[in-house]
Amino acid sequence: MKKLIESAKDFKIIPANFKSAAEILIQSVDDNSIVAKIVGLDNDSLKDYAVNSNVEVFGVNVVGLIYFETKIIDRKEDVITLETTQDYSIIQRREYSRVELNHGGLIFKDKAPDFVKRIFDISAGGVKFEAKEALETDKFYQIEIKLSNNMNISCELQPIRIQEKDNSYTISGKFVNLENMDRIVLVQYAFKVKMEEQNVAE
């Protein structure tokens with residue numbers, strides 16, 4: 001676990017209250033514990049990082065995404081000590097980057113509710129979908145993403161590729177002005193969808 005943590009970067013931590021998710025800076029790792037500094041949270045949000053509470057941790061290395069669940073064993077202000085675990089998962093970047101949006105939705109604020117006919121896939125960077133009419137690639141559209149875990153995300157979408165076929169339009173777009181925590185939501189969603197698919201396959 002020590003070598004795995006040292007090989008990764010861009011760690012995110014998610015407590016039970018997702019609104020208090022944050023970036024963490026790893027300060028030290030040994031066989032029993034991981035010491036990390038929580039970045040950018042106020043004192044009220046830090047209350048969600050109580051000793052003995054469970055958290056999820058994500059990191060990125062050259063292979064892809066590292067994920068593990070663990071417990072907080074100590075906290076001094078914004079510095080926490082996590083219990084080291086050997087139970088972790090690694091998913092290659094190309095495998096978790098895009099997943100289907102099952103039981104979710106994509107809503108355009110200035111379009112009819114049935115504007116989006118089908119969602120092909122979604123990632124932390126963008127979405128591919130089929131629509132009833134074309135969009136303009138030089139415009140930004142206000143959207144709401146409804147995930148199947150009951151999380152909703154608001155941001156803008158810029159279309160980057162549009163293909164017409166049989167009076168329908170396949171549109172690929174990138175998210176713009178996406179909050180950092182919302183990006184974490186999408187990474188976590190994609191990861192868990194992929195893990196569920198792997199578990200079913202096994």
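Residues are numbered from 1 along each chain as its sequence is written, and side-chain values use heavy atoms, with hydrogens and water left out. Because the model is predicted, local features need pLDDT of at least 70 and side-chain atom pairs count only at pLDDT 80 or more, while totals for chains, interfaces and linings use all residues.

Reader: What does F108 touch, beyond four places in sequence?
Author: Contact means heavy atoms within 4.5 Å. Residues up to four places away are not counted. The list for F108 is F115, V116, F129, L135, Y141, Q142, I143 and L157.

Reader: Which strands stand at the edges of the open sheet?
Author: Six strands form the sheet, in the order β8-β11-β12-β13-β10-β9, with antiparallel pairing. Two strands pair if DSSP finds at least two bridges between them. An edge strand here has a single partner, so one side of it is left without a neighbour in the sheet. The edge strands are β8 (105-108) and β9 (116-122).

Reader: What is the average twist from one strand to the next?
Author: Axes are lines fitted to C-alpha atoms, for helices over the stretch in contact, and angles run from 0 to 180 degrees between N-to-C directions. From one strand to the next, the average is 35°.

Reader: Which residue in β10 stands opposite D121?
Author: β9 and β10 (residues 126-131) run antiparallel and are joined by five bridges. Opposite D121 stands K128.

Reader: How many bridges join β12 to β13?
Author: β12 (residues 152-165) also pairs with β11, antiparallel, through six bridges. There, I143 has C155 as its bridge partner. On the β13 side, P159 is partnered by G173. Between β12 and β13 (residues 168-176), the bridge count is nine.

Reader: Which residue in the hairpin of β12 and β13 takes a positive phi?
Author: Two residues lie between these strands. The phi in question is near 50°, and the residue is D166.

Reader: How many salt bridges are there, and what is the N to O distance for E6 and K2?
Author: A salt bridge is a side-chain nitrogen of Lys or Arg within 4 Å of a carboxyl oxygen of Asp or Glu. The count is ten. E6 and K2 sit four residues apart in helix α1 (residues 2-6), about one turn. Their N to O distance is 2.7 Å.

Reader: Is E130 buried or exposed?
Author: E130 meets K117 in a salt bridge (3.7 Å, N to O). E130 lies in β10 and K117 in β9, so the pair ties together parts 13 residues apart in sequence. K117 is partly exposed at 46% relative accessibility. E130, at 18%, is buried.

Reader: Which backbone oxygen does the side chain of S53 reach?
Author: S53 lies in the loop between α2 (43-46) and β4 (54-60). S53 is buried, at 19% relative accessible area. Beyond four places in sequence, S53 contacts D48, T70, K71 and I72. At 2.5 Å, its side chain reaches the backbone oxygen of A50.

Reader: What is the C-alpha to C-alpha distance between E83 and V29?
Author: E83 is in strand β6 (residues 79-83). E83 is partly exposed, at 36% relative accessibility. E83 and V29 are 54 residues apart in sequence, and in space the distance is 10.0 Å.

Technical notes: Buried < 20%, exposed > 50% of the residue type's maximum accessible area, 1.4 Å probe, protein only. Polar contact = N/O pair within 3.5 Å; in protein donor to acceptor, adjacent residues only side chain to side chain.
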